[in-house]
Amino acid sequence: MDILNPKDVAAELNGWTGGDDFITKVFKFTDFAEAFGFMARIAIIADKMDHHPEWFNVYNRVDITLTTHDAGGVTEKDVTLAKAMEQAAA
């Protein structure tokens, strides 16, 4: 698995920020139900990918961090999951 530069990856994704070995974004929704529905949709996708986000939810906000732990950084798996999140949040 190739390690990608998180800052380069984030620059190609809407609203994402790159850290040392991760990308992150805060998604905001109209209410808790919408945020939870987003998380449920992503949980199914992530489980099929066997690639799970680090996330934190309070009310209408979902904070997400993506990294591929076994590779030690950001990989194409993170890019794919981030794009799925963007679609699910639209």
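Q: What links Trp16, Phe27, Phe29 and Phe38 into a cluster?
A: Ring pairs do that. Rings of Phe, Tyr and Trp (its six-membered ring) count as a pair if their centres lie within 6.5 Å. Keep in mind that this is a predicted model, where local features need pLDDT of at least 70, side-chain atom pairs count only at pLDDT 80 or more, and totals for chains, interfaces and linings use all residues. Residues are numbered from 1 along each chain as its sequence is written, and side-chain values use heavy atoms, with hydrogens and water left out.

Q: How many aromatic pairs does the structure hold?
A: Five.

Q: Why is the pair of Phe27 and Phe38 called tilted?
A: Planes under 30 degrees apart are stacked, over 60 edge-to-face, and the rest tilted. The planes of Phe27 and Phe38 sit at 35°, with ring centres 5.0 Å apart, so the pair is tilted.

Q: What parts does the pair tie together?
A: Phe27 lies in strand E2 (residues 23-28) and Phe38 in helix H2 (residues 32-49), so the pair ties together parts eleven residues apart in sequence. Helices (H or I, at least four residues) and strands (E, at least two) are DSSP runs, numbered from the N terminus.

Q: Why is the pair of Phe29 and Phe38 called tilted?
A: Their ring centres are 5.0 Å apart and their planes are at 40°, so this pair is tilted.

Q: What makes Phe38 count as buried?
A: Buried means under 20% relative accessible area (exposed is over 50%, partly exposed in between; 1.4 Å probe, protein chains only). Phe38 has 0% relative accessibility, so Phe38 counts as buried.
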